[in-house]
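This note is intended for a colleague who is meeting the structure for the first time. Please read the numbered points beside the model.

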Amino acid sequence: MTKDWGLKDLLGLERLSAANIEAILDAAASFKNSPPKSPLAGRVVAFLFSEPSTRTRSSFEAAARRLGAEVLGFSAAGSSLAKGETLLDTMLNLEAIGVTHFIVRHERSGVLEDLAPRVKACVINAGDGAHEHPTQALLDLLTLRERWGSFKGRKVLILGDIRHSRVARSNLFALKKLGAKVVFCGPTPLVPDDFAALGAAIEHDVDKALKGADAVNVLRLQLERMEQGFVPSLADYALAYQLTPARAALMKPDAPVLHPGPMNRGVEISSEVADGPRSAILDQVANGVLARMAVLALCERARV
Ligand code: CP
């Protein structure tokens with residue numbers, strides 16, 4: 001693993017260097033064939049999740065255990081957070097109990113920026129509002145790098161509800177640093193033209209966007225974050241933007257289809273594509289454990 005890693009926390013990818021991102025991907029790839037020998041033995045990992053999760057929570061838990069850590073049985077829902085205790089007080093109290101790593105999912109964008117420097121433990125962002133989901137993007141990149149080797153000159157299309165997506169933002173930041181071109185596609189209310197300021201090309205015509213793409217990352221409609229009126233109806237959205245086999249065929253041959261999950265089958269993606277030969281969706285999930293092992297192991301090295 002890299003010698004010059006100095007980050008206790010992983011709050012996002014926007015401020016990481018290309019070398020930082022490569023270091024995480026290299027460590028994750030190396031763990032596939034040779035898992036490290038318990039670098040987190042004696043450490044305690046706690047999950048502070050105020051939003052639901054299947055993949056992120058389960059794979060972080062598997063990653064922590066494979067690195068030798070103890071996982072604290074703590075549930076935000078049944079905790080004194082529900083009585084109004086602040087997130088910082090909760091973290092300080094859990095730290096006093098011995099927690100060395102916090103994995104946090106929260107509905108508020110940027111919530112960890114002020115908290116992470118106030119605890120000694122590592123703080124890892126497992127998704128904050130519409131801001132970032134760094135480990136999701138890292139596992140997405142790991143999945144693409146296994147196929148391509150390098151990102152230079154690749155065109156990656158991110159299709160769907162970009163407005164509400166922390167996955168889109170983290171992917172954009174990382175892919176651009178590593179030399180890929182990123183295109184955002186979806187209807188204007190979900191892909192506002194001013195998102196071009198983030199550094200993506202914007203295309204509202206899905207067939208044009210798919211043509212010649214090296215990969216597509218399909219995002220679900222985040223109905224729980226939407227006020228009324230972003231799409232006329234799910235059926236209209238599906239007709240105009242669903243990734244069907246005919247649309248997927250517009251991409252380069254063998255271009256993979258990614259989806260961070262959970263999928264709305266029949267809305268943003270058809271089951272034929274989700275379960276078809278281009279699908280890399282379960283590879284992503286498997287790589288999630290490796291990417292999260294790498295993040296936990298690297299952050300641990302910078303913890304004092
Ligand atoms: N991709 C993702 O974050 O999935 P979960 O919400 O199930 O963790």
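This is a predicted model: local features need pLDDT of at least 70, side-chain atom pairs count only at pLDDT 80 or more; totals for chains, interfaces and linings use all residues.

1. The chain is divided into two parts: domain 1 comprises 18-133 + 285-303, and domain 2 comprises 134-284. Between the C-alpha centres of domain 1 and domain 2 the distance is 26 Å. To the contact between them, domain 1 contributes 31 residues and domain 2 likewise contributes 31 residues.

2. Where does the ligand sit? Its place is in the largest pocket. The residues around the ligand are Pro52, Ser53, Thr54, Arg55 and Thr56, together with Arg105, His133, Gln136, Pro260 and Gly261.

3. Both domains take part in this shell: at least three residues come from domain 1 (18-133 + 285-303), and at least three come from domain 2 (134-284). Sorted by class, the shell around the ligand holds 6 polar, 2 nonpolar and 2 charged residues.

4. Three polar approaches to the ligand deserve attention when the site is inspected. In the side chain of Arg55, an N or O atom is 2.9 Å from an oxygen atom of the ligand. A nitrogen atom of the ligand lies 3.0 Å from a polar side-chain atom of Gln136. With Gly261 the backbone is involved: one of its N or O atoms lies 3.3 Å from a nitrogen atom of the ligand.

5. How much of the ligand's accessible area does the protein cover? On its own, the ligand has 250 Å² of accessible area, and the protein covers 91% of that area.

Definitions and conventions
Residues are numbered from 1 along each chain as its sequence is written. Side-chain values use heavy atoms; hydrogens and water are left out. A residue is near a molecule or strand if one of its heavy atoms lies within 4 Å of it. A polar contact is a pair of N or O atoms within 3.5 Å; within protein, one must be able to donate a hydrogen and the other to accept it, and residues adjacent in sequence count only if both atoms are side-chain atoms. Accessible areas come from the Shrake-Rupley method with a 1.4 Å probe; for residues, only the protein chains shown count as cover. On a 1 Å grid over the protein atoms alone, a cavity is a set of points where a 1.4 Å probe fits but cannot get out, and a pocket is an open set with protein on both sides within 12 Å along at least five of seven lines; lining residues have an atom within 4 Å of a point. A molecule sits in a cavity or pocket if more than half of its atoms lie within 2 Å of its grid points. Ala, Val, Leu, Ile, Met, Phe, Trp, Tyr, Cys and Pro count as nonpolar, Asp, Glu, Lys and Arg as charged, and the others, Gly among them, as polar. Domain bounds come from an automatic or database domain assignment. Contact means heavy atoms within 4.5 Å.
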